[in-house]
Amino acid sequence: MTTTAALETGERTARKSDPGAPRRRRSGRLRRIGLPYLLLLPALILELLVHLVPMVIGIVVSFKELTQFYIRDWNTAPWAGLDNYSLAVDFNAPVGEALLSSFLTTCLFTVLSVGLCWLLGVAAAVFMQESFRGRGFLRTLFLVPYALPVYAAVITWAFMFQRDNGLVNHVVHDQLGLTDSAPFWLIGDNSFFALLVVSVWKGWPFAFLIVMAGLQNIPREIYEAAALDGAGIWQQVRRITLPALGPVNQVLVLVLFLWTFNDFNTPFVLFGEAAPEAADLISLHIYQSSFQTWNFGTGSAMSVLLLLFLLVVTGAYLWFTSRGRKATDA
């Protein structure tokens, strides 16, 4: 007690004799607090320049009558108010009808692509949990589509889908004889299935990678106990694997949905600037409405409407999933 009292007395005496000590402590605390923000500043500036500034400019352009006549100085383009938005959502007019058809096609494509990517990714990840010879090679092989550059992979698929000398028709028509004649894959109704195949092929390895990482957090003892109780493989997947992967699947489905709904590279490289009507995804449709008709005001309005739709869907999805998680925890 005497020693502690003496130390406290010495500290008070030292603070009185050194009036600058509190100021130095506050300065050191401010440096510690401000250092993380200082390190994040370059990334925040780049984010502002690359994403936020173009987004704000795009919103401003959506309220302007910006055509090829004002492209050199878009500030002089007259204000259109909500005319661009009215034109985009007028589903009885050609522009609105085409946008609605593209939107519905994109919704169907997204549901099928995300569902198949998730299903293949979960099945492959569960299969890879068991040790067997060649497992490492198969894991590497499964990740090849995800590691390849998008343009190189899609161009390869475009050659494979050629009608006369493509590999797909060579196998489907020439070797297996499943069709009466060699079908067209890059035009007509078959273009939707060709686009879906390419999207699933390059998207499911990401689901496989995420689910495989999530499976590492499930203790093997749970499966061993379930097997001793007589649970089969399907019961273990349904009762243990899928519930334990709930948080992982929630994030995975959301990311796959946003990537697929906004996918521009795949249809653009596969079909070119003019996609067939059956594979007219909304991202490519907005590009065509902007850069082929030179009506950037209408194209920007479509982009803003797409952004609002994705924000609403993402917010609703996060609200429902968080609500379901809280109900499960309770």
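**Pockets and rings**

Author: The lining of the largest pocket is made up of 16 nonpolar residues, eight polar and no charged. Here Ala, Val, Leu, Ile, Met, Phe, Trp, Tyr, Cys and Pro count as nonpolar, Asp, Glu, Lys and Arg as charged, and the others, Gly among them, as polar. Keep in mind that this is a predicted model: local features need pLDDT of at least 70, side-chain atom pairs count only at pLDDT 80 or more, and totals for chains, interfaces and linings use all residues. Residues are numbered from 1 along each chain as its sequence is written, and side-chain values use heavy atoms, with hydrogens and water left out.

Reader: What volume does the largest pocket have?

Author: About 680 Å³. A pocket is an open set of points on a 1 Å grid over the protein atoms alone, where a 1.4 Å probe fits, with protein on both sides within 12 Å along at least five of seven lines; lining residues have an atom within 4 Å of a point. The volume is the space filled by probe spheres set on the points, which are joined across faces, edges and corners.

Reader: Which residues are closest to the centre of the largest pocket?

Author: Of its 24 lining residues, those are Pro54, Gly58, Ile286, Ser303 and Val304.

Reader: And which helix gives the largest share of that lining?

Author: Helix 15, with eight residues. Helix 2 (21–61), helix 14 and helix 15 (296–329) each supply at least two. Helices are DSSP runs (H or I, at least four residues), numbered from the N terminus.

Reader: OK, what about the second largest pocket, what lines it?

Author: That pocket has a volume of about 390 Å³. It has 21 lining residues, and the closest to its centre are Val150, Lys202, Trp259, Asp263 and Thr266. The lining divides into 12 nonpolar, seven polar and two charged residues. Among the helices that supply at least two residues each are helix 4 (94–127), helix 9 and helix 12 (246–261).

Reader: Which residues of helix 12 are buried?

Author: Gly246, Asn249, Leu252, Leu254, Leu256, Phe257, Thr260 and Phe261. Buried means under 20% relative accessible area, exposed over 50%, and partly exposed in between (1.4 Å probe, protein chains only).

Reader: Switching to rings. How many aromatic pairs are there?

Author: The structure holds 22. One of them joins tryptophan 157 and tryptophan 201, edge-to-face, at 5.7 Å centre to centre and 70° between the planes. Rings of Phe, Tyr and Trp (its six-membered ring) pair if their centres lie within 6.5 Å; planes under 30 degrees apart count as stacked, over 60 as edge-to-face and the rest as tilted.

Reader: Where do those two tryptophans sit?

Author: Tryptophan 157 is in helix 7 (residues 150–160) and tryptophan 201 in helix 9 (residues 190–215), 44 residues apart. Tryptophan 157 counts as buried because its relative accessibility is 13%, while tryptophan 201 is partly exposed at 25%.

Reader: Which residues form an aromatic cluster?

Author: Phe264, Phe268, Tyr287, Phe291, Trp294 and Phe296 form one.

Reader: Which charges lie over a ring face?

Author: Lysine 64 lies over the face of tryptophan 79, at 4.5 Å from the ring centre. Arginine 163 lies over phenylalanine 184, also at 4.5 Å from the ring centre. The cut-offs are NZ of Lys or CZ of Arg within 6 Å of the ring centre and within 35 degrees of the ring normal.

Reader: Last one: is serine 191 buried or exposed?

Author: Serine 191 is buried, with a relative accessible area of 0%. This serine lies in helix 9.
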